[in-house]
2 protein chains.
Amino acid sequence: MNIGDVSRMTGLPAKTIRYYEDIDLVTPLRSENGYRAFRETDLHKLAFLGRARALGFTIEDCRALVALYEDDSRESASVKHIAEEHLSKIDDKIAQLQSMRATLAHLIHACAGDHRPDCPILEDLGADITK
Amino acid sequence: MNIGDVSRMTGLPAKTIRYYEDIDLVTPLRSENGYRAFRETDLHKLAFLGRARALGFTIEDCRALVALYEDDSRESASVKHIAEEHLSKIDDKIAQLQSMRATLAHLIHACAGDHRPDCPILEDLGADITK
DNA sequence: CATTGACCTTCCCGTCACTGGAACCCCTAT
DNA sequence: ATAGGGGTTCCAGTGACGGGAAGGTCAATG
């Protein structure tokens, strides 16, 4: 299989697949013409990576997850631990975004949004720090 | 005022302030010794920028907001527009994170997290795409 | 046989908003 | 004289790719 086929099948851009090879996440063979030759296992691993990335795992998390995936003597606790750490980071981000969202929504609500210059949003951002 | 004072007063790292000068968000004067000499207006603008960044506005948004802040003939609608666009991007991000969170929480819940290798998380990530 | 067009290759730069670090200068106090 | 705590510039790195150039390869067509 060439990179285009793998790209179509996994939904990953060819650029991304080449990048994953670059950082040693996959190691496809090479055909005589120099093209990357992907095996079933490469395809499978790339699909795995695509799904893990879609869940927001970092590349390094993905590397660890793949290693566990291929380790028959893994303990599911190791996997769960990585997932839980990640979940907690997601929760942090959500909380931060919701806090921003609340402030912003409040300011937007207070702003007339008309042709006049008076604007509570700018007033808030420009509050004097020396007071 | 030197950069250290401004850093303390605004809470922005000195590195960040230098970066903001680099991209022309602020233009402090220079003392004879080559040190940056910040005026009240610079301080004020940097505080503005810090707050806007804390609300998640991009640097380019900040540039536009500062311009509006300094424009007496602005229309509050312009400000509100920027803020609403930003709010909608925040909402998109929150939605995406919550979707990840839901999937992830579900998988974590299904995983025993013990010494055995069986793991629904890895099973999900490794699902066969050819089927 | 030549050409077209779709594929593939490597390589390098750009993204975003900084952060770290090196190498160096300046100022004040001891 | 020295020590420390400022300040300066410049370069490189971050994460996870994406864009685009310059060129090689392959299958099908005129």
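Biologist: At roughly what angle do the axes of helix α3 (residues 40–54) of chain A and helix α4 (residues 59–69) of chain A cross?

Modeller: Axes are lines fitted to C-alpha atoms, for helices over the stretch in contact, with angles from 0 to 180 degrees between N-to-C directions. Helices (H or I, at least four residues) and strands (E, at least two) are DSSP runs, numbered from the N terminus. Here the two axes come within 10 Å and cross at roughly 135°. That makes α3(A) oblique to α4(A). Angles under 35 degrees count as roughly parallel, over 145 as roughly antiparallel, 65 to 115 as roughly perpendicular and the rest as oblique. This is a predicted model: local features need pLDDT of at least 70, side-chain atom pairs count only at pLDDT 80 or more, and totals for chains, interfaces and linings use all residues. Residues are numbered from 1 along each chain as its sequence is written, while chains are lettered from A and ligands numbered from 1 in the order in which they are written.

Biologist: Is the crossing of α3(A) and α4(A) left-handed or right-handed?

Modeller: A crossing is left-handed if the near helix is turned anticlockwise from the far one by less than a right angle, and right-handed if clockwise. α3(A) passes α4(A) in a right-handed crossing.

Biologist: Which residues of α3(A) and α4(A) meet?

Modeller: Contact means C-beta atoms, placed from the backbone, within 7 Å. From α3(A) come A:Lys45, A:Phe48, A:Leu49, A:Ala52 and A:Arg53; from α4(A) come A:Cys62, A:Leu65, A:Val66 and A:Tyr69. By class, that contact has seven nonpolar, no polar and two charged residues. Ala, Val, Leu, Ile, Met, Phe, Trp, Tyr, Cys and Pro count as nonpolar, Asp, Glu, Lys and Arg as charged, and the others, Gly among them, as polar.

Biologist: At roughly what angle do α1(A) and α3(A) cross?

Modeller: Their axes come within 10 Å and cross at roughly 45°. That makes α1(A) oblique to α3(A). A:Val6, A:Met9 and A:Thr10 of α1(A) contact A:Leu43, A:Leu46, A:Ala47 and A:Gly50 of α3(A). Five of these residues are nonpolar, two polar and none charged.

Biologist: What rotation superposes chain A on chain B?

Modeller: Copies are superposed by least squares on the C-alpha atoms of residues with pLDDT of at least 70 in both. The rotation is 180°, with 0.0 Å of shift along its axis and an RMSD of 0.1 Å. The two copies are thus related as by a two-fold rotation axis. In chain A, A:Ile94 comes closest to that axis, at 2.9 Å (C-alpha). The same surface serves both copies: 100% of the contact residues of chain A recur in chain B.

Biologist: How many residues of each chain are in contact?

Modeller: 50 residues of chain A contact 50 residues of chain B. α5(A) gives the most to chain A's side, with 21 residues. That side divides into 28 nonpolar, 10 polar and 12 charged residues.

Biologist: Which residues are closest to DNA strand C?

Modeller: A residue is near a strand if its C-beta atom, placed from the backbone, lies within 6 Å of it. 16 residues surround DNA strand C, the closest being A:Asn2, A:Gly4, A:Arg36, B:Asn33 and B:Thr58. α2(B) gives the largest share, three residues. The surface divides into six nonpolar, six polar and four charged residues.

Biologist: How many residues surround DNA strand D?

Modeller: 17, with A:Asn33, A:Thr58, A:Ile59, B:Gly4 and B:Arg36 the closest. Here the largest share, three residues, comes from α2(A).

Note on methods
Two residues are in contact if their C-beta atoms, placed from the backbone, lie within 7 Å.
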